[in-house]
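Colleague: I am new to this structure and would like to learn how to read it. Could you walk me through its features one at a time?

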Amino acid sequence: MSDECFEILVVDDNPNNLKLVRKLLSERNYKVRISTSGEMALKSVESSIPDLILLDITMPGMSGFETCQALKSKAETKDIPVIFLSALKEENDIIKGFEVGGVDFVTKPFRSEILLARIKTHTTLSHLQKTLSSKNETLEKNYQELQSAQEHLIRSQKMSALGKMVKGISHELNTPIGVSITGVSALESSTKQIMNSLNKGDLTQSELLNFLSETNNLNTTVLGSLRKAVDLVNFFKQVSIEEHHDASSKFNLYRNFDDSFSGFKKAFEERNIVVKNEIPCNLDITSFPGIFYQIYNNLLNNVYLHAFERKREGTVLLGAEKQQDSVLIRFEDNGQGMDDDVQEQLYDAFFTTKRGQGGTGLGMNIVYTLVTEKLAGSIDLESKVGNGSRFTISIPQDTLAEA
Ligand SMILES: Nc1ncnc2c1ncn2[C@@H]1O[C@H](COP(=O)(O)OP(=O)(O)O)[C@@H](O)[C@H]1O
Ligand SMILES: [Mg+2]
């Protein structure tokens, strides 16, 4: 801002002083307003706020000090810089000037260069302050907008995750429940038929035998479907971290894996999948053994279902090492690997490439939640199509110690 834009209010009861100052300032292109008393000055600032006030102290009526105090007590006028321009020279007067809120003190008679320099300093300072505070306001506003946009984003992401979850659960439960309903409806109509025949007295033995065998088959189908539904519900429950009430204890990592694997042993042998447990035999840790069990279970399940889907044989390698403040566990297979697209969605709930063929898409989501939330660790995957997959799970020692 150049000097000519600034408006200065000069307050003095002496017309000669006013004239002199007005001339000096006008020559420098300041806009000048004048008031001949403190009371008038207060009135004048009510209509419009000047950029700076030059204020005499000794005046009839309100003194300069009182005028300054009045200005500083009002929110609208408190930020106007006030320079006292006075014949008073005593140190006490100067101190009082600052105490009542003045920014500077120039004694009369003054040298014009000094007065102009002081005016320039204070108008520039006050202008900078105004610019800064308006920038601050803009920043604050932008920040608030950003925050509300972020909240909105999180909300909509949560909703979309929830939507996917609900869609996945409905999809999975639809089949077993549908099969059960069909089965029970068939049972209902054949029961009605048999009761009719019974009532009419023409029920034959073969009809009854047929009915009983059909009922038996339907029972088996319905029961199987309902069991599947229950299994699914139990599986879904694992997604919620609170469902794991596993107690922590000291256990041997090598044996923990062997136990987890025992249930898969037969199925893996049939497919020529060799599992090598290379975890050091003496590696004991204190943590939640059930969680590790669950993690291995899901990883092994995937090896069986996905990694060697098209291969007649394969190898799974299990390794672990204690590091300075963590334990690293490696789980790798030399199966078919995963492309970038699968890797990107691997941990998403309900992401599966085997929809309708035994995949629920929850296995890796559960692994991820268990590792990152329950064990406060991290999981990394290196995988290439045709070259197998390697998971590296890192668990910090402090959560192990706490556990
Ligand atoms: N070891 C693996 N080798 C190849 N693909 C895998 C492996 N593990 C997981 N996947 C892929 O990741 C997907 C998601 O796995 P997961 O969350 O366990 O769901 P699901 O096993 O029910 O399909 C699988 O459908 C499969 O495509
Ligand atoms: Mg799985």
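Predicted model: local features only at pLDDT ≥ 70, side-chain atom pairs only at ≥ 80, totals over all residues.

Colleague: Which residues come nearest to ligand 1?

Modeller: Out of 24 residues around ligand 1, the nearest are Asn302, Thr352, Gly359, Gly363 and Met364. Two elements, α9 (289-307) and α11 (363-374), each give two or more residues to that shell.

Colleague: How many residues of the shell around ligand 1 are nonpolar, polar and charged?

Modeller: The shell around ligand 1 has 13 polar residues, nine nonpolar ones and two charged ones.

Colleague: Let us stay with α9. How many residues does α9 have, and what is its reach from first C-alpha to last?

Modeller: A helix can be checked by setting its reach against an expected span, here taken at 1.5 Å a residue. With 19 residues, α9 reaches 25 Å from its first C-alpha to its last, close to the expected 27 Å.

Colleague: And which residues in α9 are buried?

Modeller: For burial, we count other C-beta atoms within 10 Å, and 20 or more make a residue buried. In α9 the buried residues include Phe292, Ile295, Tyr296, Leu299, Leu300 and Val303. Asn302, one of the residues that come nearest to ligand 1, is also among the buried residues of α9.

Colleague: Now the whole protein. How many helices and strands are there, and is the protein compact or spread out?

Modeller: The secondary structure comprises 12 helices and 12 strands. The radius of gyration is 42 Å, well over the 22 Å that the globule rule gives for 403 residues, so the protein is more spread out than a compact globule. Along the principal axes, the C-alpha atoms fill a box of roughly 130 × 70 × 40 Å. Buried residues make up 26% of the 403 residues.

Colleague: What does the domain assignment of the protein give?

Modeller: The assignment gives domain 1 (3-110), domain 2 (157-242) and domain 3 (244-402). The C-alpha centres of domain 1 and domain 2 are 92 Å apart.

Colleague: Where is Ala247 found, and is Ala247 buried or exposed?

Modeller: Ala247 is in the loop between α6 (205-239) and β6 (249-252). A residue with 12 or fewer neighbours is exposed, and Ala247 counts as exposed because it has 8 C-beta neighbours inside 10 Å. From Ala247 to Arg33 it is 82 Å, C-alpha to C-alpha, and they are 214 residues apart in sequence.

Colleague: What should I look for in the backbone?

Modeller: Most residues other than glycine have a negative phi, and most peptide bonds are trans. Here, a cis peptide bond joins Lys108 and Pro109, with omega about -5°. Pro109 lies in the loop between β5 (104-107) and α5 (112-200).

Colleague: What is phi of Asn29, and what is phi of Phe350?

Modeller: Asn29 has a positive phi, near 70°, and phi of Phe350 is positive too, near 75°. Asn29 is in the loop between α1 (15-27) and β2 (31-35), while Phe350 is in the loop between α10 (340-345) and α11.

Colleague: Why does Asn29 count as exposed, and why is Phe350 buried?

Modeller: The neighbour counts settle both cases. Asn29 counts as exposed because it has 11 C-beta neighbours inside 10 Å. Phe350 is buried because 21 other C-beta atoms lie within 10 Å.

Terms used: Residues numbered from 1 in each chain as written. Chains lettered and ligands numbered in written order. Near = placed C-beta within 6 Å. Helix = DSSP H or I, 4+ residues; strand = E, 2+ residues; numbered from the N terminus. Nonpolar A, V, L, I, M, F, W, Y, C, P; charged D, E, K, R; others polar. Expected span 1.5 Å × (residues − 1). Rg over C-alpha atoms; globule rule 2.2 N^0.38 Å. Domains from an automatic or database assignment.
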